[in-house]
Amino acid sequence: MYNILVVDDDKEIVGAIEIYLKKEGYNILKAYNGEEALDIVNNNEIHLIILDIMMPKKDGLETLEEIRKSKTIPVILLSAKSEDYDKIGGLNSGADDYITKPFNPLELIARVNSSLRRYVSFGSLKKEEENNKKIYKTGGLEVDDDTKKVLVDGKEVKLTATEFNILKFLLANKGKVYSIPEIYENVWKEEGFGAENIIAVHIRHIREKIEINPKEPRYLKVIWGVGYKIEDIK
Amino acid sequence: MENLRTSKALKFVSYILLPVFVLLIGLSIFHLAFLDEYGNNGATKFIDTEMFANEYVYYITDNIANANDQKNNGATMFMQLEDVDGNEIYYLNRDYMYNYYNGINEYIDFIIIDEETNAIYTNMRISDYNSEIENMKNATKYWNYNNGNIETNIEYINNDNIKYNSTFQYAVLDEDGEASYVVSKEIIGYTIYSRYNPDRTGGLTNYKIVEGIYEFCLNNKSLPLYVLPISVIFTFAIAIYLCWAIGHEKGKDEIKLGYIDKIPYEILFLAWAVLLTIFASVAIQCISIANYITLIFAVLLYFICYIICAVTAVSTIKRLKARKFIKSFLTYKVGKWCFDKLKKLFDTLDEKTTENKRLFWYYLLFIIVSVMLACLFYTGIAIILLIGFWVWSYYKLKKYIIGQEKIKNALKDIYEGKNDVKLNEEELTGVLKEMSVYVNDIASGFSNAIQESLKSERLKTELITNVSHDIKTPLTSIINYVDLLKKENIQDEKVKEYIKILDQKSQRLKKLTEDLVEASKVSSGNVKLNIESIDIKELFNQTIGEFKDRFEQKDLKIEVQMPSEDIKIKADSRYLYRIIENLFSNITKYALDSSRVYIDVVENNKYINISIKNISKDKLNISADELMQRFVRGDKSRYTEGSGLGLSIAKSLTELQGGKFDIIIDGDLFKVEIDWPEI
């Protein structure tokens, strides 16, 4: 049973999140401002915090800074601010994830699960195996070329053979941008054949399978008019 | 009266009759003159007139001159025939005859005997000249000249008035064969037999026509006495009528001027004079030659001359009536132009503007000093001073021109939208300084206005962003609780339906707030662009890949047409995608099911032209401009999904990145044209 702290000055939102996460089997603690949140963090064992930014008394970012002074627990920021610089600022202050209001409950649950998995069950567990096996990895995404398995935050994802090959290629060359013809040539080992938007379709399918929100991908990024890449996440 | 003045028919008749009466006057005067000269002896036949006698004698003496020429100078007006009775016979050359005066010669026989050589010069081809000489005296008119004695029945040759009855004229030729002078000589040493022979040449010859005219005159002596006064009266009447009526037209108070009336009068006059001279001289030639064709020609030419005169006269009258006669002179125009220019020049001196006065005094100073120094030019110092003065003047002028240039450039900058224009006022002097102060004021005014408007745009965007934050928080609760409600086990279908509507509308509200913030940001230019090189083909492949399922759901076929080579453009890739995404998303929403969507990319001289065409599902009774405004949607009902901001955002984003975004609606065809500057 994991303890999740939900902090938001809007009681109804906290209430709704409580309902969703309780269904998932988590134990929920609630706070309505930054100070209350810090109190709870200091006095309880908390595994994950969902933190609103705009709150009275102490706002989300200040609270996050306080928490980060002593704890490494995952923090998901939840905010109505949807600008890029808001998200970047939030993540740079030490948050693990950023969700904008109004959010999709399923996405929230998926992100909570993912963060928790990484925090709790990941870590040192599989490190020794990596030496023996052909494993490509970035952040919570793992591709095992031997067993042809794809794991996202430790959870297996089913990909078709083509999708697997594309993903493996991009992951093996993570951080680098490949255009559609380049991907075609490297995966199919032959010249591109013109109407290559099939590759784009495959990549969308991959994104839908491995990303929590395919519209805002964490791993498989689209650079429009240039190509695709797998983000290199430590 | 006014009808008379404007009647076209009357004018036409007048124009036709005028030359006829003038011609009649001319003919009557000729008639009278002819009668005065030759009609006083009561002759009714031409051969009884003095004119006939003159021409007769002229022809004979001329041939004596020819014979003389042939004998002494070797001329060949006669050709030698076989001798008759031991006498040399010379026959008048036919070629010569036809070139010769085309008249009485056709009716006169002559035999001229050179008394010295007994040679015979004649225009008759007969075998027995002696008996023919005897016959000659029986002719109606004859003229013999023998040993200083004249035998004739032509009245006027008997008369002492005819001086040349016993002389002939011939030309003395110089070395080049040109006639150098003419000599009159007594007819000594020649015997002449000649007669008038009406049967010599048959038919109606030119001479017969002339003779006919002369005899008509002789037989109708009183005719001109009627015709002349009548013609004169009619001519004057018509001329006065025309002068009064010319230029007036029905329903018009003013005199209407045509093309001809706009020709400068000097040119018209010159043309008239030249043409009239040419045609009239040709006509006179025709009359003097006097055969059928030339006479007909003469009449024709007479009418042409009339037309030339009439046109000139009409134009002159019109100009006079319109009070534009003087003005229509080129000389007047040129003179006036010169006068105006001079007047303007002097008027400017009267103007009160200081710059003008300054310019005048400067210029006067320049001229006076230049002239003074030029007068002293023979001293070396004056040359140096003059050159120095010129250099100084040039320097002054140049400084002024440079100052002007600076102000012009500053104004151009302002015009082109730069608002950081600042002129250094101290560098300039006089009126330029004043101007620079104004320019600086305008520039700072513009700059302030732009700053103000930018600030207000930013405030607006901030306001919208803040409001949207405030909306989003309660919206989050609404969406979440609606979602929770959906998951409750509700049996009531009505409640389920209500929840469904709540779900849809809250989702739409969510989309609306997001788009609203974006639209306001984009339209105020409040976005940071991250420009990089983008491959259009790659972009479309990626985007079509993204939308493939949604296109297939609607059974839309995508027809892409692109050049084979790579096309690169400079753009912010995310915003460029946003443009295409908005357009594609519209297509999935509004395109007719199972239709085709055309995407064409064309490289077009500095621009990449992207056009996306589809067929609308619903009737598009809305203009393209309206569609691009915010919150406007094709269906107007606002029932379907979407915020109505998509096209507005796409347009703003395109323009923000330097492109051009156009919508063309043609029936159900919906077409988007994007022009993107090429790298």
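A crossing of two helices is left-handed if the near helix is turned anticlockwise from the far one by less than a right angle, and right-handed if clockwise. The views below come from a predicted model, in which local features need pLDDT of at least 70, side-chain atom pairs count only at pLDDT 80 or more, and totals for chains, interfaces and linings use all residues. Residues are numbered from 1 along each chain as its sequence is written, while chains are lettered from A and ligands numbered from 1 in the order in which they are written.

**View 1. Helix 13 (residues 380–415) of chain B packs against helix 14 (residues 430–487) of chain B.** Helices (H or I, at least four residues) and strands (E, at least two) are DSSP runs, numbered from the N terminus. The two axes lie 10 Å apart at an angle of about 15°; axes are lines fitted to C-alpha atoms, for helices over the stretch in contact, and angles run from 0 to 180 degrees between N-to-C directions. Helix 13 and helix 14 of chain B are therefore roughly parallel (angles under 35 degrees), and their crossing is left-handed.

**View 2. An open sheet of seven strands in chain B has the order 1-2-4-3-9-5-6, with mixed pairing.** Strands pair if DSSP finds at least two bridges between them. At the edges, strand 1 (78–84) and strand 6 (149–152) of chain B each pair on one side only. Strand 1 and strand 2 (residues 87–92) of chain B run antiparallel, joined by five bridges; in strand 2, B:Tyr90 is the bridge partner of B:Gln80.

**View 3. Chain B meets chain A through 27 residues of chain B and 26 of chain A.** Contact here asks for C-beta atoms, placed from the backbone, within 7 Å. Helix 14 of chain B gives the largest share of chain B's side, 11 residues. By class, that side of chain B has 10 nonpolar, nine polar and eight charged residues.

**View 4. B:Leu512 sits in helix 15 (residues 493–523) of chain B.** B:Leu512 is partly exposed because 18 other C-beta atoms lie within 10 Å (buried takes 20 or more, exposed 12 or fewer, and partly exposed lies in between). The C-alpha atoms of B:Leu512 and B:Leu645 are 8.4 Å apart, although 133 residues separate them along the chain.

Key: Angles under 35 degrees count as roughly parallel, over 145 as roughly antiparallel, 65 to 115 as roughly perpendicular and the rest as oblique. Two residues are in contact if their C-beta atoms, placed from the backbone, lie within 7 Å. Ala, Val, Leu, Ile, Met, Phe, Trp, Tyr, Cys and Pro count as nonpolar, Asp, Glu, Lys and Arg as charged, and the others, Gly among them, as polar.
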